[in-house]
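Please read this briefing with the sequence and the structure side by side. It takes the sheets, the helices and the ligand site in turn.

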Amino acid sequence: MYIFKSDKYIDMSEKDLWYQSWFDTPFYHQLYNHRDEAEAERFMINLMRFLDLPKRSKILDLPCGKGRHSVFLNKLGYRVYGADLSEKSISSAKNFEKEDLSFFIHDMMKPLPDKYDTVLNLFTSFGYFDEEDNIAVLQNFVRALNPSGIIVIDFLNIQQIRNNLVPEEVVRRDAIDFKISRCIDNNNLVKKIKFDAGDRSYEFEEHLKCIDLSKFKEMGEIAGLKIKHTFGDYDLNPFDEENSERLIIIFE
Ligand SMILES: C[S@@+](CC[C@H](N)C(=O)[O-])C[C@H]1O[C@@H](n2cnc3c(N)ncnc32)[C@H](O)[C@@H]1O
């Protein structure tokens, strides 16, 4: 496994740091380039229509990546704060900073520096740690909420993934063939990503805890949260455990 530091890749074996290395590479953004601004805008239009937040509500988008949701939410009139562990993503997002839109580096395992009306955790940005630390992340979100605040988690639907698991796949993006293998190992969804770029070979892994709706309910209760609504996709269709693409949860 390689970690990207000081503009070069360093071989490293610590699997539990995968989220620090992989997301900070240009290759992550290349592989997921279909997860774009248009998708973010569609989801945010639907979600904000549903939530009906007061204008100028203070929203935390954590993790925000390069800010695709934050930028659009600010255009809708909200005060938006985007945070992410990836220095490169935050540096890119900062190009969009303006009044009521700012970005900062933050590890979601750590307490937040401020309070917000809504915390958004979008596009499978949860479940990276062991159970105790995943709950600690939820608790950090809760402590960062103003009274009557809302937390939205947009996660994959693990049952639909199990039903349709594609064990091997090659995804071509620009000139790179990403060879992807997927399996469920010890309640983790593991995605191995191998590719050649330039004169180097790379190998990265994504590890996600298999968290279903009942597990989210249990973890939310420990953190003092109640599930108010669930949805199954970015058009906010009802959640169907067997078939929905996404598991979108509104916690209060
Ligand atoms: C799948 S991406 C989603 C990013 C963004 N929400 C989007 O939709 O484009 C997951 C993000 O989580 C960030 N991340 C991983 N571990 C993190 C941590 N411990 N604290 C904060 N951000 C983290 C990564 O850097 C990456 O930007």
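Predicted model: local features only at pLDDT ≥ 70, side-chain atom pairs only at ≥ 80, totals over all residues.

Residues are numbered from 1 along each chain as its sequence is written, and side-chain values use heavy atoms, with hydrogens and water left out. Helices (H or I, at least four residues) and strands (E, at least two) are DSSP runs numbered from the N terminus, and two strands are said to pair if DSSP finds at least two bridges between them.

**The seven-stranded sheet**

- Seven strands form an open sheet with mixed pairing, in the order S5-S4-S3-S6-S7-S13-S12.
- Its edges are strand S5 (101-105) and strand S12 (227-231), and because each has a single partner strand, one side of each is left without a neighbour in the sheet.
- Neighbouring strands of this sheet are turned against each other by 15 degrees on average, direction ignored; the axes behind such angles are lines fitted to C-alpha atoms, for helices over the stretch in contact, and angles run from 0 to 180 degrees between N-to-C directions.
- Strand S3 (residues 58-61) pairs in the parallel sense with strand S4 (residues 79-84) over four bridges, and Ile 59 stands opposite Val 80 in S4.
- S3 also pairs with S6 in the parallel sense, over three bridges, with Asp 61 opposite Leu 120 in S6.
- S6 and S7 run parallel and are joined by five bridges, and here Tyr 116 stands opposite Leu 145 in S7.
- S7 and S13 run antiparallel and are joined by six bridges, with Ile 153 opposite Ile 249 in S13.
- S12 and S13 likewise pair in the antiparallel sense, over four bridges, and His 229 stands opposite Ile 250 in S13.

**Burial within this sheet**

- Five of the six residues of S6 are buried, so this strand is largely enclosed by the rest of the structure; buried means under 20% relative accessible area, exposed over 50%, and partly exposed in between (1.4 Å probe, protein chains only).
- In strand S13 (residues 246-251), six of the six residues are buried, so S13 is largely enclosed by the rest of the structure.
- Arg 246, Ile 248 and Ile 250 point one way from S13 while Leu 247, Ile 249 and Phe 251 point the other way, and all are buried.

- Helix H4 (residues 68-75) is largely enclosed by the rest of the structure, because seven of its eight residues are buried.
- The buried residues of H4 are Arg 68, His 69, Ser 70, Val 71, Phe 72, Leu 73 and Asn 74.
- These buried residues pack against helix H3 (37-51), S3, S4, S5 and S6, where contact means heavy atoms within 4.5 Å.
- After H4 comes Gly 77, whose phi is positive, near 105 degrees.
- Helix H6 (residues 131-143) lies across strand S6 (116-121) and strand S7 (145-156), and runs at about 145 degrees to S7.

**The ligand site**

- Among the 19 residues around the ligand, those that come nearest are Pro 63, Arg 68, Asp 84, Asp 107 and Met 108; a residue is near a molecule or strand if one of its heavy atoms lies within 4 Å of it.
- A backbone N or O atom of Pro 63 lies 2.8 Å from a nitrogen atom of the ligand.
- A polar side-chain atom of Asp 84 lies 2.6 Å from an oxygen atom of the ligand, and a polar side-chain atom of Asp 107 lies 2.8 Å from a nitrogen atom of the ligand.
- Taken alone the ligand exposes 600 Å², of which the protein buries 97%; accessible areas come from the Shrake-Rupley method with a 1.4 Å probe, and for residues only the protein chains shown count as cover.

- Strand S9 (residues 176-185) and strand S10 (residues 188-197) pair in the antiparallel sense over seven bridges, with Asp 185 opposite Asn 188 in S10.
- His 207 is found in strand S11 (residues 200-209) and counts as buried because its relative accessibility is 13%.
- The side chain of His 207 makes a polar contact with the side chain of Glu 205 at 2.7 Å; a polar contact is a pair of N or O atoms within 3.5 Å, and within protein one must be able to donate a hydrogen and the other to accept it, while residues adjacent in sequence count only if both atoms are side-chain atoms.
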